[in-house]
Amino acid sequence: VVLFIHGGGWVSGDKSGFRKRALAVTRKVNCISATMNYRFASEKVHCEDILKDITVALNKIISMAETRGIKCEKVMLAGNSAGAHLSLLYAYTQQKNCPLEICAVTSYCGPPDLRTESFINGLAGTTVEHTDQILSYLTGKNLSALSQSERNKVLYKYSPVKYVSSKCVPTLVVHGTLDHLVHVEDARTFVEKLKANRVTYKYYELPDSGHSLASDDYLLGKSDQVFVDFVNMYIK
């Protein structure tokens with residue numbers, strides 16, 4: 001199974017945004033592909049709840065496949081932006097809770113470290129208060145009431161970079177160098193940590209693209225082939 005998780009700052013978005021890519025993967029690779037929705041972060045829904053939604057979605061996929069005589073064994077998670085963050089966090093922390101073997105993960109412009117000044121400034125597209133509200137919803141903590149050190153401790157807990165170790169699954173990272181929401185230096189630092197921990201990884205940088213990866217059609221097409229190669233290598 002290749003499961004795509006949409007972005008939207010954890011508080012918006014829809015699975016339909018990945019439908020075209022999911023269908024393309026199904027045509028090129030002999031596997032199931034799926035997209036999912038999840039509960040948006042709010043006063044009552046936090047990151048742990050959203051991670052549980054991924055498990056629920058995978059169980060549903062397994063059940064649907066069984067009715068068609070298909071046995072699911074492995075899953076590769078892939079997402080963009082907030083969906084990439086969730087994909088990484090799930091792949092690195094939820095192996096014991098996942099109903100399938102997690103074999104790989106792909107991040108398209110995902111934030112690997114929620115603490116960095118560049119990400120905080122990028123997310124604050126409107127106001128700092130807006131950023132605090134979103135991240136407070138995600139973490140379940142009132143960040144505006146915390147000291148900087150306490151705040152960073154909470155944000156680090158929900159950052160994929162915290163969980164990088166030699167046990168991490170193969171990871172594909174695709175990022176635009178002009179991304180003003182998740183700065184490319186955050187991605188590069190994350191990749192360096194993958195490398196230092198001897199995690200199998202591929203890093204693909206798009207030199208003229210921002211967060212939407214919309215300005216490098218040729219290179220994005222090549223990265224899509226890298227993604228398909230990644231699926232072929234680790235799903236089968």
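This section describes the aromatic pairs and nonpolar cores of the structure. The model is predicted.

In total, 6 aromatic pairs are present in the structure. One of them joins Y108 and F227, whose rings adopt a tilted arrangement with a centre-to-centre distance of 6.2 Å and an angle of 55° between the planes. Because Y108 belongs to strand β4 (residues 101-108) and F227 to helix α8 (residues 217-235), this pair ties together parts that are 119 residues apart in sequence. F230 and Y234 are both located in helix α8, where a spacing of 4 residues corresponds to about one turn of the helix. F230 is likewise buried, at 4% relative accessibility. Beyond individual pairs, Y108 and F227 belong to one aromatic cluster together with F4 and F18.

The packing of nonpolar residues was considered next. In soluble globular proteins, nonpolar side chains tend to be buried together. The largest nonpolar core of the model comprises 53 residues, and L3, W10, I54, L77 and Y92 have the most contacts inside it. The greatest contribution to this core comes from helix α2 (residues 47-66), which supplies 9 residues. Another core, of 24 residues, lies apart from the largest one and includes V2, F18, A78 and L206.

Key:
Residues are numbered from 1 along each chain as its sequence is written. This is a predicted model: local features need pLDDT of at least 70, side-chain atom pairs count only at pLDDT 80 or more; totals for chains, interfaces and linings use all residues. Side-chain values use heavy atoms; hydrogens and water are left out. Rings of Phe, Tyr and Trp (its six-membered ring) pair if their centres lie within 6.5 Å; planes under 30 degrees apart count as stacked, over 60 as edge-to-face and the rest as tilted. Helices (H or I, at least four residues) and strands (E, at least two) are DSSP runs, numbered from the N terminus. Buried means under 20% relative accessible area, exposed over 50%, partly exposed in between (1.4 Å probe, protein chains only). A nonpolar core is a set of buried Ala, Val, Leu, Ile, Met, Phe, Trp, Tyr and Cys residues joined through side-chain atoms within 4.5 Å.
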